[in-house]
Amino acid sequence: MAFALTEDRDKQLADILTRYPTKMGACIPLLHLCQEQQGWISEEVVLWVSNRLDLPPAHVQGVVTFYTLFNQKPVGKHQVWVCRTLPCALRGGVELLQYCEKKLGVHAGETTADGAITLRSAECLASCGTAPMMQVDKDYHENLTPETVDRLLEALRK
Amino acid sequence: MLKVTNYLTKTYGQKDGWTLAAYERDLEGYKTARQVLTSMTKEQVVDEAKKANIRGRGGAGFPMGVKWSFMRPHPTKPAYLVINADEGEPGTHKDRTIMELNPHSVVEGCIIGCYGIGAHVAYIYVRDELHLSKERLWAAIKEARAKGYLGRTPFGKDYPVEVHVHTGAGAYICGEETSLLNSLEGRRGEPRLKPPFPAQAGAFGCPTTVNNLETIAAVPTAFRLGCEEFSKLSTLHDIKDGGVRLFGVNGHVNKPGVHELCVGVTMRELIYDLGGGVLGDRPLLAVIPGGSSTPILRADEKVSAPDEKNPLHKWHDMSVLDVPLGVDTFRGLGTMLGTCCITVMAEGTCPVASMHNLMQFYRHESCGQCTPCREGSAWLLRITEKILDGRGTMEELDQLHDVANSIMGNTICAFGEGTAMPALGFLKKFRKDFEAYVKGEKTKAKNGTLAMGSEFATRMEGH
Ligand SMILES: Cc1cc2nc3c(=O)[nH]c(=O)nc-3n(C[C@H](O)[C@H](O)[C@H](O)COP(=O)(O)O)c2cc1C
Ligand code: FES
């Protein structure tokens, strides 16, 4: 089936378009809506967005490739991001990432075989005062211990 | 001097502290914006704002009021206020607390700011990862709109103001203001050449002021107290560094956190009085004063300012730990105040591994537009990695300086300096450690520790 936004998201788009003096202003918010709906930005989505906002496909593609958070290929059902940058590393961020790699049996950047979890390392997530930390989908988890990590990862498998 | 205040943080930690009800109850919310809009002209607002001596909280420390005064009405184009909440500078964790715990201070600041600079729309650019921050800001905007504080006639005044939240999609460079503007317009977040400066041609080609989120959140308090009174809360009022601000402390301390304090506090006070001292009672090795782009200071460094005319003369021969954290005081120390969140490193932390960690960050985040930055950041990482792995030579150690120096001043935006300066800082302050790695006296396996005594790392030993 060809890509189209759900009715609800289409309404959100209408609201987004009122916020900017140009249609191009809606480009990043709209790409977020699309990714929320189908998990990643396919070529089809790029064409759909370029059509919807009257932008050249190359412009939309250029935006997608610039930003780390736009997935250019399918990813796992859940996203786990572990902060590795220095302030977190001073409090065990690197060990935390290794622990997750071992527990999940994947390297950072990979998805578990069951497709449940994509593990990635992140750069400073503005949570250095509560390190070590990780982001699971939309939520931050801070001041982590091995026990809380175990519980979090197990919950994602269910 | 350590003086704790709660002009902004009073709502922190309270039940529903982020709601309008809490803001109006605890912080006389929106009374100031009402008074400003109904009793002052826009010129008066800018003149008053200058007296607050609010130094930009985003890192560069430019005086907010002066920046506002650069805005000139354009015959045909509207003006915009853009709030920078991209908070991506490693070691910075302050703006997020305001968005989550006192979002109405941001909205009220935007109303006063828009009025002062002649804008009717403010965009708050929040990094995408901060979902709770976005949610709380939108909720605050909705509440303010429902009350008529935003919209066509805020507080009955015929001066429409709208505030929108815009998100990025994961790119540190979008914190740089012109890159942020490109991203706001729906483009790749690549920095723009200046001039034109945002005040001439910013968002959508229109006159624009870009303020950091904490900068704008300080505005209601400053106007409520009277801007001069606000400035005088700081012991650095005389050198035009005024008021109160958020100070963060992270890394190897017992109690990391964010504190609202009068400007004038020292690193020693932050580490030992508020941060509960260094983890495991270890001696202090070094501090990164305000985000990873600000050059590191060693704990055993002393101020050298024998000249009486030097603004740092008062602290001559004293430890750098006892100098008040200020924009100009820290510039005098050869580093920067930056975002005012300090990263503490205990003795035993490996400076080579630390620099390697940060160079990974800069390599990953260089947007690739300028060759010296794109190639230079890759070289800095590659050579540091070789040295850390015990494969580096003395020539390569010297090459690190050359690479860093060839980035400085040769890029469109300050990301280049932000990469080169901390690299040169590590090399200068910890030359001996780098040499020890080259000579094989130190190795990554034995000495490359970062997580000194932190709970998670200790628990992982032997896993
Ligand atoms: C590479 C780079 C990243 C930056 N990141 C941020 C940021 O995350 N947040 C911020 O407020 N300012 C950031 N800045 C500074 C902005 O360019 C700008 O100076 C600031 O938003 C102005 O606001 P202020 O005057 O209130 O500080 C960054 C600058 C550079 C060069
Ligand atoms: S370094 Fe991990 S959140 Fe800042």
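What distance separates the centres of domain 1 of chain A and domain 2 of chain A, taken over C-alpha atoms? The separation is 29 Å. Domain 1 covers residues 7-66 of chain A and domain 2 covers 78-157; these bounds come from an automatic or database domain assignment.

The model is predicted: local features need pLDDT of at least 70, side-chain atom pairs count only at pLDDT 80 or more, and totals for chains, interfaces and linings use all residues. Residues are numbered from 1 along each chain as its sequence is written, chains are lettered from A and ligands numbered from 1 in the order in which they are written, and side-chain values use heavy atoms, with hydrogens and water left out.

In chain A, four strands form an open sheet in the order 2-1-3-4, with mixed pairing. Strands (E, at least two residues) and helices (H or I, at least four) are DSSP runs, numbered from the N terminus. Two strands pair if DSSP finds at least two bridges between them. Strand 2 (117-122) and strand 4 (139-141) of chain A each have a single partner strand, so one side of each lacks a neighbour in the sheet. Neighbouring strands are turned by 25° against each other on average, direction ignored. Strand 3 (residues 134-136) and strand 4 of chain A pair in the antiparallel sense over three bridges. Val136(A) stands opposite Asp139(A) of strand 4.

Two helices lie across this sheet. Helix 6 (residues 93-104) of chain A lies across strand 1 (78-83), strand 2 and strand 3, at about 165° to strand 2. Angles run from 0 to 180 degrees between N-to-C directions, and axes are lines fitted to C-alpha atoms, for helices over the stretch in contact. Helix 7 (residues 146-157) of chain A lies across strands 1, 2, 3 and 4, at about 20° to strand 3. Asp150(A) belongs to helix 7 of chain A. Beyond residues up to four places away in sequence, Asp150(A) touches Tyr99(A) and Lys103(A) (contact means heavy atoms within 4.5 Å). The C-alpha atoms of Asp150(A) and Tyr99(A) are separated by 9.7 Å, although the two residues are 51 apart along the chain.

In chain B, helix 2 (residues 31-39) packs against helix 6 (residues 103-117) at about 15°, with axes 9 Å apart. The two helices of chain B are therefore roughly parallel (angles under 35 degrees). Helix 2 of chain B contributes Lys31(B), Thr32(B), Ala33(B), Val36(B) and Leu37(B) to the contact, and helix 6 of chain B contributes Glu108(B), Ile111(B), Ile112(B) and Tyr115(B).

Notes: Parallel < 35°, antiparallel > 145°, perpendicular 65-115°, else oblique.
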